[in-house]
Amino acid sequence: MKFSKFSALGAVVLGLATVASAAEYPDRPINMIIPFGAGGATDISARTIAEPLGNAVGKPLIMANVTGAGGATGSVAAMNAKPDGYTMVFTRVGSHSVNPAMKATLPYTLDDFRYVTVYEINPFACAVAADSDINSMDDLVAKAREGGVSFSSSGVGSGLHLGGVMVMDAFGIEDPVNQVTHIPMDGGGAAATAVLAGTATFLCTNSSALASFVANGQLKPLMVTTAEPVVGFDAPTAADLGKPELEQLVGWTGIAGPKDLPDDIAAKWGEWMQAAANDEEFVSRMEAVGSIINVMSPEEANDFIRGQYSTFKALVDRLGMRIEG
Amino acid sequence: MNFLDNIAAGLSLVGNLEAFAALFLGVLIGTIAGAIPGMSATMAVALTLPFTFSMEAITAILLLLGVYKGGIFGGSIPAILIKTPGTPASSATVLDGYPMAEKGQAGKALGMALWASCTADLISNLALILFAGWLASFALNFGPPEFFTLILFSLTIIAGVSGNSLLRGALSAMLGLLLATVGLDLVYGTNRFTFGDPNLMGGLNFIAVLIGLFAIPEVLSMVWEPKPHVGKTRSLGKNSVTFAEYRRCFKSIVRGSFIGVFLGSIPGIGAAPAAFLSYSEARRKSPVKENFGKGELEGVAASEAGNNGVAGATLIPLLALGIPGDVITAIIIGAFMVHGLQPGPMMFILNVDIIYGLFIGLIVSSVFLLMIGSVAIRGFKYVADIPRGVLFPGVLVLCIYGVFAVNNNIFDVGVMFVMGWVGFVMLRNDIPAAPFLIAFILGPLLENNFRQAMLMSGNSPDILFRGPITWFFWALTLLTMVAIVRAGIRATKDLKKKNI
């Protein structure tokens with residue numbers, strides 16, 4: 001039903017476009033690739049911005065989930081698309097800064113994309129099960145020194161994987177890769193469940209993924225990585241604990257196109273995003289799930305992503321976490 | 001507040017036309033979407049989600065739940081009529097549903113699918129309302145070692161769906177396990193059998209494998225030997241299920257529903273294994289075992305009871321713990337959060353009216369499913385009347401469209417055709433496809449849970465025997481293995497006697 005509607009709309013738009021002067025971008029619907037599955041943080045974020053963004057663009061946005069391999073399949077599809085601005089991809093911390101930093105054989109690098117914006121930041125938070133005897137980061141670190149501490153993640157090369165190691169490293173655990181056991185699970189939901197069920201000791205993930213567990217008293221937050229405290233999380237910030245460098249550890253969602261995307265198209269996306277982010281309904285919906293809306297221009301987005309990447313890359317190289325093969 | 005107050009509060013919340021209309025619309029959308037091959041229940045729910053943002057919380061969630069339930073039932077329609085499961089959950093329905101359609105009993109198979117679905121749905125909803133707390137705390141006892149033993153036990157289903165030759169079934173299962181290893185290694189993150197192709201990094205798409213294995217070989221057979229089918233149409237047959245038939249299958253339906261409830265309340269397993277497990281249990285208990293796989297009504301009933309039994313039960317971890325059990329409930333959790341609700345234990349205290357509103361809505365949804373389902377059957381069953389020369393090209397087009405739509409990736413269509421040829425060769429050599437599929441679903445779960453358990457214990461196998469749940473499944477596995485070996489020995493003896 002939805003598809004026939006879309007194609008009918010597409011046909012009408014195409015028909016109009018051929019009549020009108022062809023030059024002005026965009027003159028037809030834009031394909032937006034969501035490289036993660038339905039229901040995930042990226043998907044919800046993308047589908048929430050679709051409406052205000054579509055209004056700003058003035059042409060329909062066709063959302064398509066192209067999933068697999070931690071976002072790599074969809075990202076490759078966008079990388080190989082024509083750089084005409086009609087195929088764009090939603091980028092995410094895992095697929096566009098952690099995984100490129102960790103996986104040697106990833107079929108793309110940051111240079112294969114032109115980042116037009118980052119519009120959403122999710123603070124990271126670390127948490128343990130509510131019935132755990134660990135009550136602070138100090139307890140956790142002390143326990144980790146003894147050994148037998150594990151953390152769950154949504155998979156190898158995800159933000160959760162790197163986050164767990166980065167936090168342990170910042171708190172002075174030597175050789176955190178071997179001292180603390182990483183238990184990869186199948187997706188973010190399973191990672192949180194693993195801590196609830198006692199499979200893993202702690203996890204560090206987007207505060208939005210933990211919010212309901214914290215509100216329900218099932219998980220105990222130990223730390224958040226933003227400069228400001230996060231509403232609903234009774235936990236100190238990384239800076240309070242003297243580790244401001246952990247503020248690099250945040251989740252984000254953005255939009256990118258293939259690397260040869262022309263400047264004028266990138267600039268247009270910058271304008272559209274500004275307009276879309278002014279939509280009150282969009283902002284309130286995203287804030288309801290714990291996100292911070294902060295639209296970056298194409299230049300800011302590029303600097304932000306590369307900055308995060310180089311921090312992660314340095315850590316990966318120092319700890320020997322690079323995945324060859 | 002006591003129980004009656006809660007119900008009253010819930011009623012006042014859903015007791016309006018809007019809520020029921022949303023539920024009705026949801027079941028309708030779901031049934032239609034589920035009936036389109038490749039358009040799974042998951043996609044239907046995901047596509048509906050953005051439309052619910054502006055609704056009242058309870059209306060929005062009822063709409064999504066309606067789509068979910070309708071979608072799971074709708075998937076059985078193409079599974080029976082054209083051997084193409086509309087959703088992965090209905091792949092077990094193909095085993096007996098399609099042979100029934102071949103025999104001219106499409107109407108009967110569809111009717112039984114509907115009655116079994118609605119019964120299982122009702123049982124599942126009641127289980128949610130009555131045992132949510134208890135089942136949820138039980139589900140949290142499932143860590144990787146428990147999962148491993150459960151999946152190991154589930155693999156013994158293969159013996160039940162292997163047909164005449166266990167060896168051929170095992171061969172098929174090995175092939176499924178092998179292909180399930182393609183993709184990224186869970187623990188090391190390295191590429192396995194990807195041959196440098198990024199498309200293979202995500203593994204073989206499940207729907208593409210499913211449709212390739214079941215539907216395409218039929219089309220190929222038709223092309224291979226077109227003559228026997230020329231002009232032949234399958235008659236619809238008696239289009240209703242008699243009460244006597246329903247009563248005959250009732251035991252299997254109830255058993256299947258409970259299997260569904262049990263597996264559904266444990267996050268991370270999903271509806272397809274439940275349907276297969278229920279099917280194999282029904283076959284094991286049946287006095288006419290040999291009819292299974294050749295068009296046995298009870299097989300359809302058991303499969304559909306198994307997968308619909310999951311639908312209500314997946315809400316148990318969702319509401320009681322805030323844990324999504326599968327992709328669909330993950331989307332529904334998103335809908336809760338957009339409306340400022342946080343599923344979990346606190347919701348039973350803070351938003352108890354919504355919880356009871358949902359319960360009432362769920363019970364009503366079973367009735368809606370029955371109504372919409374019977375209308376849908378009446379419409380769709382004429383598909384069985386279309387001459388094969390017209391139907392099969394149409395099926396092929398639907399398959400290609402459906403597989404492409406899952407992931408918007410043309411590579412998946414290629415996977416479907418390659419699997420179609422594999423399935424065709426298997427069909428010609430009497431190698432059953434069902435064990436392949438079960439192994440393909442369960443293989444990664446088995447491997448991942450085993451490796452997670454090993455990570456937990458620092459490579460000590462003791463953890464696989466860490467509690468009563470693991471012991472229970474080890475015992476079940478052992479018993480089933482003994483039964484299979486004994487049945488094999490007996491069959492050989494009988495064969496020898498006949499030869500003498």
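**Figure 1. Overall build of chain B in the predicted model.** The secondary structure of chain B amounts to 23 helices and 2 strands, in a model that is predicted. With a radius of gyration of 22 Å, close to the 23 Å that the globule rule gives for 500 residues, chain B is as compact as a globular protein of that length. Its C-alpha trace extends over about 75 × 60 × 50 Å along the principal axes of the chain. Of the 500 residues of chain B, 60% count as buried, and among the contacts in this chain between residues at least 6 apart in sequence, 79% join residues at least 24 apart.

**Figure 2. The contact of chain B with chain A.** Here 47 residues of chain B are in contact with 45 residues of chain A. On the side of chain B that touches chain A, at least two residues each come from α3 (41-52), α11 (198-201), α17 (327-338) and α22 (434-457) of chain B, and α17(B) gives the most, with 6 residues. Sorted by class, this side of chain B has 28 nonpolar and 19 polar residues, and no charged residues.

**Figure 3. The two domains of chain A and the contact they form.** Chain A is divided into domain 1, which takes in 30-121 together with 250-319, and domain 2, which covers 123-248. The centres of domain 1 and domain 2 of chain A, taken over C-alpha atoms, are separated by 25 Å. Their contact draws 19 residues from domain 1 of chain A and 20 residues from domain 2 of chain A. On the side of domain 1 that touches domain 2, the elements of chain A that give two or more residues are α4 (93-102), β9 (250-258) and α12 (298-319). By class, that side of domain 1 of chain A has 9 nonpolar, 9 polar and 1 charged residues.

**Figure 4. Strand β9 of chain A and its pairing partners.** The strand β9(A) is mostly covered, with 8 of its 9 residues buried. Strand β3 (residues 87-92) of chain A runs antiparallel to β9(A) and is joined to it by 4 bridges; within β9(A), G254(A) is the bridge partner of T91(A). Strand β4 (residues 113-129) of chain A also pairs with β9(A), in the antiparallel sense and over 9 bridges, and P123(A) stands opposite V250(A) in β9(A).

**Figure 5. Surroundings of Q248(A).** Q248(A) lies in the loop between β8 (219-224) and β9 of chain A. With 18 other C-beta atoms within 10 Å, Q248(A) is partly exposed. Leaving aside neighbours within four places in sequence, Q248(A) is in contact with Q308(A) and T311(A). Q248(A) and Q308(A) are 60 residues apart along the chain, yet 6.3 Å separates their C-alpha atoms.

**Figure 6. The largest nonpolar core and the contacts of L64(B).** Among the 283 residues of the largest nonpolar core, A125(A), A127(A), L64(B) and I80(B) touch the most other members. Helix α7 (residues 106-139) of chain B gives the most to this core, with 18 residues, while domain 1 and domain 2 of chain A each supply at least three residues to this core. Apart from its neighbours within four places in sequence, L64(B) is in contact with G26(B), V45(B), T48(B), L49(B), T52(B), I332(B) and A335(B).

Note on methods
Residues numbered from 1 in each chain as written. Chains lettered and ligands numbered in written order. Predicted model: local features only at pLDDT ≥ 70, side-chain atom pairs only at ≥ 80, totals over all residues. Domains from an automatic or database assignment. Contact = placed C-beta atoms within 7 Å. Nonpolar A, V, L, I, M, F, W, Y, C, P; charged D, E, K, R; others polar. Rg over C-alpha atoms; globule rule 2.2 N^0.38 Å. Buried ≥ 20, exposed ≤ 12 C-beta atoms within 10 Å, placed from the backbone. Pairing = 2+ DSSP bridges. Core = buried A, V, L, I, M, F, W, Y, C linked by C-beta atoms within 7 Å.
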